[in-house]
Amino acid sequence: MGKEATIDRAKSAFFVGALYFCFGAMERATWPNLLPSIGTYFEVSSTAVAWTVIAFALGMAGSTLAAGRLGDLLGHRRLAVAGFTAEGLLLLACALSPVLWPIFLFRFLQGFAAAAALNNITAIAVGAFPRERRGRAIGAVSGFAAFGLMIGPLYGGFVADLLDWRWAIGIIGLYVLAQALVTQIMAPADRTAVQLKDARTLHWTGAFGFLVAMVTLIVAAQMMRAADTRLIGAALLAVFVVVTALTLRLEARAPAPILGLRLFKEWNFSLASASLIWFSLAFGAMNVLFPFYLQEGLGWTLAASGLILVSMNAVQPFGSPLSGLLADRLGSVRVMVAGTVVGVASLLLAGALGSAPETWHIVLALTLFGASVSLFMPPVSRVIFAHAPQNALAGAASMATSGRYIGQSLGVAFGAALLVTGGGAPLAEAFGNAMTTLAVVLAGGLALIALAKPAVGLMQRRKAAA
């Protein structure tokens, strides 16, 4: 393949990937903003209608590893197109449903379709670039995703007010069907032959185990939010640990595992995956703690707190591409360290806000944390993809997706637990203590992960010398 053909292939792959990263993220951000309208239409509580969002997360988190593995075996474009088609049809089914209960099922199944679409379109967009340029590719598509997250609530509010919530969902469904056509036409053809035999011999018990584990974890995180269900949430977290350990044990013995365990034999891949989970834990805790602080600690309205929380995403459309470029030029580790430093500083700043902060202090803390996300995520993803072979890119993407889900879900549970341990202290004070604790946990955890490789190497050298 000539140089010009390679460049054209990369441009086409990036274009179809950027489209979905933007508008797929927009759909994820649109749905929560439509919940009040959906709840009013069907005359159900906000708690009940929120499960339309949770159902999607359950399906996507539980199926993402299997979707990535199948994409590596059957072809990334094939699985992406199938995922887009199914997701678009399911969104249209949601928009046309006359009653609420089928929407829960449609959203759960949409999570499966989105897992196939996201992980395989990621493999297409990133895999078209040489390893030394993947940082900027990851950063750029992450920037498009952040832009989609910002415009999603605006799109949903505008269309729902002008037309109806059904139109807001239906229009996105039609777009996703168009994305399937664009991907089929423009995405590079799959280089590997369809390996149906290998797909049939996969360890599907492991896939079911991961589904149960991820569903348990996400439900546990939701239970941890409310005081009267926290014991149930803690019990489900224990179930998650047991099921995960059992599934990993079975996967390690399986001749054709769903999880590409061989990838974890590479130290840098393992450390990057652990770092992603740990940083995502801080992100999940921030997402659950700040709304409590603004609404219950400071007495802000839901609308006011929602508006101010936008500042956490404001930097990412521009910061993520810059971070990816810096990772390619300076190395991933340096940019990840910078992201960690900024993240810890933002958490310490948030911990010092108190009960009567200036608005700009809140904006600064949120913006700095958003900047730390922009700095940290592209280079850690770059390391993950750099140590995955071409025929395992969708699997690597699915592991990164699972890592974010695991980290954020654990972060929600951890953040809720930090508020509970505040005892009878005012919520603003409990929030400050929680943010300070989170800063220590983030810095300490990532430091231990960074020291793991040299520490194990030192132990091995001492053992060999003895």
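Is Ser280 buried or exposed? Ser280 has a relative accessible area of 0% and is buried, where buried denotes under 20% relative accessible area, exposed over 50%, and partly exposed the range in between (1.4 Å probe, protein chains only). The structure is a predicted model, in which local features need pLDDT of at least 70 and side-chain atom pairs count only at pLDDT 80 or more, while totals for chains, interfaces and linings use all residues. Residues are numbered from 1 along each chain as its sequence is written, and side-chain values use heavy atoms, with hydrogens and water left out. Helices are DSSP runs (H or I, at least four residues), numbered from the N terminus.

**Salt bridges**

- There are two salt bridges, the criterion being a side-chain nitrogen of Lys or Arg within 4 Å of a carboxyl oxygen of Asp or Glu.
- One of them joins Arg107 to Glu27, with 3.1 Å between the closest N and O atoms.
- Since Arg107 belongs to helix α5 (residues 101-127) and Glu27 to helix α1 (residues 3-42), this pair ties together parts that are 80 residues apart in sequence.
- Arg107 and Glu27 are both buried.
- Arg382 and Asp328 form a salt bridge through their side chains, at an N to O distance of 2.7 Å.
- Arg382 is in helix α15 (residues 359-386) and Asp328 in helix α13 (residues 316-330), so the pair ties together parts that are 54 residues apart in sequence.
- Arg382 and Asp328 are likewise buried.

**Nonpolar surface patch**

- Phe158, Leu162, Leu163, Trp167 and Ile171 make a nonpolar surface patch of about 560 Å².
- Patch members have over 30% relative accessible area and no salt bridge; nonpolar side chains (Val, Leu, Ile, Met, Phe, Trp, Tyr) are joined within 5 Å, and like charges within 9 Å.
- The accessible areas come from the Shrake-Rupley method with a 1.4 Å probe, and for residues only the protein chains shown count as cover.
- Helices α6 (134-162) and α7 (165-186) each contribute at least two residues to the nonpolar patch.
- Leu162, located in helix α6, is exposed at a relative accessible area of 57%.

**Second largest cavity**

- The model contains two cavities of 30 Å³ or more.
- On a 1 Å grid over the protein atoms alone, a cavity is a set of points where a 1.4 Å probe fits but cannot get out, whereas a pocket is an open set with protein on both sides within 12 Å along at least five of seven lines; lining residues have an atom within 4 Å of a point.
- Grid points are joined across faces, edges and corners, and a volume is the space filled by probe spheres set on the points.
- The second largest cavity holds about 40 Å³ of space.
- Its lining consists of Glu27, Thr30, Trp31, Leu34, Leu91, Ile169 and Ile172.
- Helices α1 and α7 are the elements that give two or more residues to this cavity lining, and α1 provides the largest share, four residues.
- By class, the cavity lining has five nonpolar, one polar and one charged residues; Ala, Val, Leu, Ile, Met, Phe, Trp, Tyr, Cys and Pro count as nonpolar, Asp, Glu, Lys and Arg as charged, and the others, Gly among them, as polar.

**Second largest pocket**

- The second largest pocket has about 500 Å³ of space.
- Its lining comprises 21 residues, with Leu248, Leu259, Phe264, Ile277 and Ile406 nearest the centre.
- Two or more lining residues come from each of α3 (51-74), α9 (204-223), α10 (230-253), α11 (267-297) and α16 (393-420).
- Helix α16 gives the most to the pocket lining, five residues.
- The pocket lining divides into 14 nonpolar, seven polar and no charged residues.

**C-alpha pairs**

- Ser280 is in helix α11, and its C-alpha is 7.8 Å from that of Gly403, at a separation of 123 residues in sequence.
- Ala282 also lies in helix α11 and is buried at 1% relative accessibility; Ala282 and Val344 are 62 residues apart in sequence and 9.7 Å apart, C-alpha to C-alpha.
- Thr183, in helix α7, is buried at 0% relative accessibility, and its C-alpha is separated by 8.7 Å from that of Ile121, 62 residues away along the chain.
- Ala93, in helix α4 (residues 76-96), is partly exposed at 22% relative accessibility; Ala93 and Phe106 are 13 residues apart in sequence and 7.2 Å apart, C-alpha to C-alpha.
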